[in-house]
Amino acid sequence: MANLNRTHGVLPATLLRRIALAAGAAALALMVSPTPTSAVVGGRDASSGEFPWTAAIEVDGQQVCGAAIISGHTLLTAAQCVDGRTASGLNIRYNTLDRESGGQVVEASEVIPHESYDADSQDYDIAVIHTTTGLIQGDDVQPVCLPAAEQKLTGAARVSGWGATREGGPSADRLQAADLPLMSDDETAAAYEGYRTVTDRMIGAGLPSGGKGPGKRDEGSPLVVLDDNNKATLAGLYSWARGSARPGLPAVFTRVPALTGWIEQQITTDPAPAACGQSTL
């Protein structure tokens with residue numbers, strides 16, 4: 001029989017204290033343990049030919065950011081991905097669904113971050129990368145279309161990348177994709193009031209309930225929308241968020257239409273082609 005207090009029919013005081021301490025510790029653990037986000041975050045495996053413009057930036061063989069092919073020798077990415085770096089040691093992997101394997105790898109010949117990029121505010125978070133050799137084009141490699149300057153983009157968008165599949169988690173082994181509604185400027189600004197200013201060079205996308213969106217190491221990854229001719233147009237490049245796919249906190253992308261003029265100035269020797277945005281989307 002258990003060693004009960006025979007006089008009063010209750011547990012000894014020392015044992016009661018231990019039980020109370022254990023219960024308190026368990027309750028505290030529940031309060032402070034992080035809430036996991038669903039497993040880009042909440043994305044799905046991309047299929048062959050679905051995102052023929054999506055590429056990865058690698059340093060020493062490791063994927064650090066995403067990028068978008070816009071012409072035969074040129075890609076766009078986030079300025080934060082090349083901030084403080086030179087072209088030396090910077091490689092581009094493309095024409096593959098797998099992270100850090102397959103496809104083709106080319107070296108960067110020049111990196112051009114926007115001259116107004118600010119690492120604190122993440123304003124003007126965009127950069128051009130030129131490659132030493134041409135990017136082979138075919139069914140599985142196509143440039144994404146550049147938007148017209150200040151073009152208004154609305155509706156559903158799609159992001160693709162190899163970043164973390166959950167907040168604080170590892171990168172995806174296979175290219176991931178997620179559909180995200182574009183948010184109004186007012187909605188995005190309200191979501192980050194008191195945290196960071198949302199400028200005219202930024203656009204938000206995400207679900208109010210969270211659960212889907214880009215994660216760590218997706219910076220520079222393309223966000224596209226389909227135009228009236230069913231061609232994919234580059235709406236944004238992933239820049240920042242508070243956490244990853246948290247409820248009420250949309251992902252913030254560099255608004256490409258606000259910077260189309262600057263982009264075109266950097267690619268005069270390798271302009272964006274008229275044939276673009278063709279995929280299985």
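**Charged pairs**

Select Arg44, Glu50, Arg158 and Asp179: a network of salt bridges links them. Keep in mind that this is a predicted model. The salt-bridge count comes to nine.

Next, select Arg93 and Glu58. Their side chains form a salt bridge, 2.6 Å from N to O. Arg93 sits in strand 5 (residues 90-94) and Glu58 in strand 2 (residues 54-59), so the pair links distant parts of the chain, 35 residues apart. Both Arg93 and Glu58 are buried.

Move to Asp123 and Arg201. Their closest N and O atoms are 2.7 Å apart, in a salt bridge. Asp123 lies in the loop between strand 6 (104-113) and strand 7 (127-131), and Arg201 in the loop between helix 2 (185-191) and strand 10, so the pair ties together parts that are 78 residues apart in sequence. Asp123 is buried, at 9% relative accessible area.

Now select Arg99 and Glu100, whose side chains meet in a salt bridge (3.2 Å, N to O). Arg99 is partly exposed at 23% relative accessibility, and Glu100 is partly exposed at 29%.

Show the seven strands of the open sheet, in the order 1-9-8-11-12-13-10, with antiparallel pairing. Strand 1 (44-45) and strand 10 are the edges, each pairing on one side only.

Zoom in on strand 13 (residues 251-255). Five of its five residues are buried, so the rest of the structure largely encloses this strand. Strand 10 (residues 202-205) pairs with strand 13 over four antiparallel bridges. Look for Met202 opposite Thr254, and Gly204 with its bridge partner Val252. Strand 12 (residues 232-240) also pairs with strand 13 over four antiparallel bridges. There, Gly236 stands opposite Arg255.

Note on methods:
Residues are numbered from 1 along each chain as its sequence is written. This is a predicted model: local features need pLDDT of at least 70, side-chain atom pairs count only at pLDDT 80 or more; totals for chains, interfaces and linings use all residues. Side-chain values use heavy atoms; hydrogens and water are left out. Buried means under 20% relative accessible area, exposed over 50%, partly exposed in between (1.4 Å probe, protein chains only). Helices (H or I, at least four residues) and strands (E, at least two) are DSSP runs, numbered from the N terminus. Two strands pair if DSSP finds at least two bridges between them. A salt bridge is a side-chain nitrogen of Lys or Arg within 4 Å of a carboxyl oxygen of Asp or Glu.
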